[in-house]
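Student: I would like a close look at a single part of this model, with the cut-offs spelled out.

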Amino acid sequence: MVKPRVYVTRQIFPDALDLIEKHAELELWPEDEPPSAEELKAALSEVDGAIINVMDRIDESLLAAAPKLRVLSQVAVGLDNVDLVEATKREIMVGYTPGVLAKSTADLAFALLLAVARRVVESDKWVREGNWKISHHPMFWLGSEVNGSTLGILGMGGIGLETAKRGLGFDMKVIYHSRTRKPELEKKYGFKYVSLKRIFTHSDFLSVHVPLTPETNKFIGEKLLKTMKQSAILVNLARGGVVDTDALHKALTKGWISGAGLDVFDPEPVPSDHPILGLDNVVVLPHIGSASNQSRREMHLLAARNLISGLNGERLEECANPEVYKSLGI
Ligand code: NAP
Ligand code: GLV
């Protein structure tokens with residue numbers, strides 16, 4: 001029997017590749033840089049399925065040029081790079097990888113929160129530059145107290161919940177705002193649901209976990225940033241586009257807020273001369289929320305299983321457009 005053809009747009013763990021190779025004829029993009037839009041379009045025009053990444057833009061014109069495509073398997077939970085409506089229209093199943101990365105991404109939210117609050121990166125740099133001349137100075141390097149403070153979670157989904165749970169471990173009071181209220185989480189963990197306005201005005205640390213959608217695009221701008229406490233720290237592990245970067249720069253330089261921890265940026269990658277990189281009260285990471293060995297391997301294996309199910313015409317373990325099943329009759 002002729003095996004289906006698949007394209008993998010970035011390196012993945014060898015056991016995930018082995019799994020795919022048992023079921024399909026595989027082509028792997030060999031570079032660290034993602035394929036260009038033209039290269040991606042050309043590659044997907046000939047295959048039955050693909051493993052894709054957050055940097056691969058899957059739009060209407062690319063899908064129109066890919067008549068054989070039956071399944072797209074994204075190695076991520078965010079899907080702002082994929083035109084899901086168009087994929088569904090074309091009866092293409094779209095897999096994704098929720099859950100398996102929630103804990104590691106929440107760990108990193110806390111790494112960022114603590115790093116900014118307690119000035120970890122800034123003071124490490126100071127030591128390495130040879131400035132540590134007095135063993136212990138009572139007034140040097142004072143930061144913000146994390147324990148006992150209020151943690152605001154914007155977007156109480158998989159990652160928001162894991163971040164909130166970590167807050168409880170630090171004796172923080174957890175408030176949240178989300179599209180849907182979660183009474184069961186309020187009951188189980190004591191989280192408090194608050195209005196959008198209140199989460200900005202009352203959080204000492206505001207951790208952002210909403211997806212990037214037309215509704216959340218540049219959602220956190222001057223107006224909301226000005227309502228935050230001057231002592232507040234913003235942590236963004238969602239997508240850079242949820243925050244208006246120019247407004248954030250203003251907020252950080254004019255003292256509307258005291259700091260920010262950013263794992264994501266708009267634009268990505270951040271240009272090395274971007275003014276935000278010149279600020280001491282910001283820690284910027286290169287989009288590594290899920291980058292633990294364990295999580296990434298789980299993501300790659302889940303993406304491989306989603307791909308194989310789609311190639312077999314079966315329902316996916318994690319499908320982002322389950323409405324497609326109806327037209328596929330599965
Ligand atoms: P999720 O489980 O779908 O959670 C998203 C939450 O946001 C849901 O609770 C959703 O509400 C809520 N929400 C959606 N739109 C909203 C709006 N306009 N206002 C308020 N709340 C809104 O997703 P997740 O797994 O937690 O991931 C969240 C995002 O994190 C992803 O979309 C991705 O962009 C980003 N991410 C980044 C990294 C990284 O490496 N930095 C890693 C993984 C994910 P409902 O409960 O009503 O659905
Ligand atoms: C990573 O950014 C993801 O969405 O999983």
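Student: Which backbone nitrogen does the side chain of Asp56 reach at 2.8 Å?

Tutor: The side chain of Asp56 reaches the backbone nitrogen of Asn53. The model is predicted, with local features needing pLDDT of at least 70 and side-chain atom pairs pLDDT 80 or more, while totals for chains, interfaces and linings use all residues. Residues count from 1 along each chain as written, chains are lettered from A and ligands numbered from 1 in written order, and side-chain values use heavy atoms, without hydrogens or water.

Asp56 sits in the loop between strand S3 (49-52) and helix H3 (60-64), these being DSSP runs numbered from the N terminus, with at least four residues (H or I) for a helix and at least two (E) for a strand. Its relative accessible area is 1%, so Asp56 counts as buried (under 20%, 1.4 Å probe, protein chains only). Besides reaching Asn53, the side chain of Asp56 makes a polar contact with the side chain of Arg10 at 2.8 Å (N or O atoms within 3.5 Å, one able to donate a hydrogen and the other to accept it; residues adjacent in sequence count only if both atoms are side-chain atoms). Leaving aside residues up to four places away in sequence, Asp56 touches Thr9, Arg10, Pro34, Pro35, Leu40 and Asn81, with heavy atoms within 4.5 Å.

As for the ligand, a polar side-chain atom of Ser178 lies 3.3 Å from an oxygen atom of ligand 1, and a backbone N or O atom of Gly289 lies 3.2 Å from an oxygen atom of ligand 1.

Notes. Buried means under 20% relative accessible area, exposed over 50%, partly exposed in between (1.4 Å probe, protein chains only).
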